[in-house]
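Subject: Structure for you to look at

Hello,

I am passing on a structure for you to open alongside this message. Please keep it in view while you read the notes that follow.

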Amino acid sequence: MTKDTKSPNLYTMNRRQLLAGMSAIPLLATMGGPLRASDFPTAEVNKTGLAVTDDKVTVGILHSVTGTMAISETGSVEAEKLAIKQINESGGVLGRQIEVIQEDGASDWPTFAEKAKKLLVQDKVASVMGCWTSASRKAVLPVFEQYNGMLFYPTFYEGLEESPNVIYTGQEATQQIIAGLDWVAKEKGAKSFYLLGSDYIWPRTSNKIARKHIEDKLGLKVVGEEYYPLGHTQFNSVINKIKLKKPDVIYAIVVGGSNVAFYKQLKAAGIDMTKEKPVLLTISVTEDEILGIGGENIVGAYACMKYFQSLENDNNKEFVAAFKEMWGDDSVIGDVTQAAYLGPWLWKLAVEKAGSFDIDPLKESLPGIEFTKAPEGYVRIHENHHLWSKTRVGRAKDDGQYEVVYETADLVEPDPFPEGYQ
Amino acid sequence: MIGDYTYYEFSSILAMQAFAGLILFSVFVMMALGLAIIFGQMGVINMAHGEFMILGAYVTYFTSIFFEHYLPSLFGIYFFLAMILAFIVSGALGMFVEWAMIRHLYKRPLDTLLATWGLSLILQQFYRSVFGAREVGVTLPEYLLGSISLTDIIEVPINGLFVMGLTLLITFGVWFLMYRSGWGKKVRAVIQNRVMAGAVGINTKMVDRMTFGLGCGIAGVAGSAFTMIGSTGPTAGQLYIVDTFLVVVFGGAASLLGTIASAFTISQAQSTMEFFMSGSMAKVLTLLTVVGILMLRPQGLFALKIRR
């Protein structure tokens, strides 16, 4: 509940859990430096014919760099390449340097499936970092399950999925939503909510969870719930409705180009988010989106997610500096970009714990993997292949960054099939 | 009392809702005018219309950056210069495209649809490669932001007023050009009878090129103005294209008056329905209504009475 972003036990906790993690992985604890490939003969670590040689291992990156989704997925590609570069510099995975084969999903879901198959069958990659929208993930899922691949998926999403062949490094809906609603009810004394979203599965599922939580758990009121087609650019009518209903909280899950239109028109209609009420709480606007919206149009809004670029911990300071060094000083890092950065690292840790690149031992070693150097702090892989992570609320400033105003005291358990919220 | 609201609140909201409808109307007219000129006057289906708009938006973005860095004292007026530049750049690109591509396809109208669709993909990828895949934020002068409060409930968005004024100006300009100037007379002559117009000494090729350029230029201005209310990114043009075609086809392809009437009908229907139901449902109902009317009147609301 503290306004201070450096919660005092963050560091001590990290160190303690780091130690716990080290003792849980005797292999790592006994190693002074990077692993040597010669200690792990290729025949031992690669029994299934993956693209692993004595000094190299190949992984795939599968994102859209052309088409509509390129705007969102570019950051993920950058973060994954940064992580892979850092892993290589620190000695690679089981002493092997990572090589990348990058494929373009081209914002087209069948293309994603086709390229996934190419990466797994033809290139025999040891793992894939990729996908962004739920639609693309649903398209590649059967491919990964059929050919037994491993996908690291970075986006916060609606939940309702759990595959042995996917690690979800973003938050599922309940992790992202519930903590934010509790916070706004408690800290801002919110009594009434207006739910608003783009019309597809993620906002609809998320708002369903939000409505259940608001009405059943918090006992508060939802005064409106609305959806607008993807790409909608005129929000004046709904803004008038909001003015009429006077909700304490506008809960907005608008995505893509609509976002820009929504916040510009909200400001033009005289709704000032820097005032006490109404509170605008969103789960869909990261620092990436603010680039397009313009900081001055969204200043004062609250966002609820697990990572903000402004997080004040040493991991994150190093990460932001490295990211800017690699991709330019004016690059911004949003929640998904950070989650994409986790993928290669979690894979490396799991492979080294398993002592093998093969998928089946990897599946067994993944749950319980801890990553203490995560920019967001500490994360751990849950049995259900999602991550334990903290949830934070940030307030938008006019320079396009968020100021962290709240973070959950403990890690929030991922619950992709929440009971009572269906 | 109406429901939970006082008459005062209710009438205020009604007024604001009417104003929201008018803004939507202006936006539609602005989007559709350029297309109506090209589609209506030349019979070319320009699927790349949205990309010409976004070119205008990018021009605005770069003008704002230029002024921010080199002429910060004149930042307040950059927007007007940006609109003129947007008109010139989009118009020039339009004339080039007409010369390089469209003029070879006048006899094959369906192929122009494919060719311009391809052009729109090329332009999108060009923007993405050159300007970056991410959306850019255009900084506006202070006086274009915010709203004017008339009462404690009624607030009039300034950008909306600006778009309305600009739409009026452009509509009047187009009307003057098409119906009161010598050039407009030539354009109309070419539409009515190309061979005859050529025979009396009108350079029909030049008229085509200028008409196409004018349509694209207006798209550029529209794109420039829309940086106030929407996003600027490589694919943002796609957000407008469906509504634009809807307005033009519904209005009757060959009629500018029809375009305006149809923009008014669709915008009012949509913003009224949006108030009483969810946005997605409002859109569905609007589309259903348009489809229904087009089934009864395939030529659209207004049609030119010309001998075929």
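Let me begin in chain B of this predicted model, where helices H5(B) and H6(B) are roughly perpendicular to each other, because angles of 65 to 115 degrees count as such and their axes cross at roughly 70°. The axes of H5(B), residues 158–179, and H6(B), residues 182–192, come within 5 Å. In the contact, Leu177(B), Met178(B) and Tyr179(B) of H5(B) meet Trp183(B), Gly184(B) and Val187(B) of H6(B), and these residues divide into 5 nonpolar, 1 polar and no charged.

In chain A, please look at the open sheet, in which 7 strands follow the order E7-E6-E8-E9-E10-E14-E15 with mixed pairing. Strands E7 (221–228) and E15 (402–407) stand at its edges, and each has a single partner strand, so one side of each is left without a neighbour in the sheet. From one strand to the next, the twist averages 25°. E6(A), residues 192–198, runs parallel to E7(A) and is joined to it by 7 bridges, and Leu195(A) stands opposite Glu225(A) in E7(A). Helix H7(A), residues 173–187, lies across E8, E9, E10, E14 and E15 of chain A, and runs at about 140° to E10(A).

How many residues of helix H14(A) are buried? The count is 20 of the 20, so H14(A) is largely enclosed by the rest of the structure. At 1.5 Å a residue, H14(A), residues 335–354, should span 28 Å, which agrees with the 29 Å between its end C-alpha atoms. After H14(A) comes Gly355(A), whose phi is positive, near 65°.

Best wishes

Notes. Residues are numbered from 1 along each chain as its sequence is written. Chains are lettered from A and ligands numbered from 1 in the order in which they are written. This is a predicted model: local features need pLDDT of at least 70, side-chain atom pairs count only at pLDDT 80 or more; totals for chains, interfaces and linings use all residues. Axes are lines fitted to C-alpha atoms, for helices over the stretch in contact, and angles run from 0 to 180 degrees between N-to-C directions. Helices (H or I, at least four residues) and strands (E, at least two) are DSSP runs, numbered from the N terminus. Angles under 35 degrees count as roughly parallel, over 145 as roughly antiparallel, 65 to 115 as roughly perpendicular and the rest as oblique. Two residues are in contact if their C-beta atoms, placed from the backbone, lie within 7 Å. Ala, Val, Leu, Ile, Met, Phe, Trp, Tyr, Cys and Pro count as nonpolar, Asp, Glu, Lys and Arg as charged, and the others, Gly among them, as polar. The expected span of a helix is 1.5 Å times one less than its number of residues. A residue is buried if 20 or more other C-beta atoms lie within 10 Å of its own, exposed if 12 or fewer, and partly exposed in between; C-beta atoms are placed from the backbone. Two strands pair if DSSP finds at least two bridges between them.
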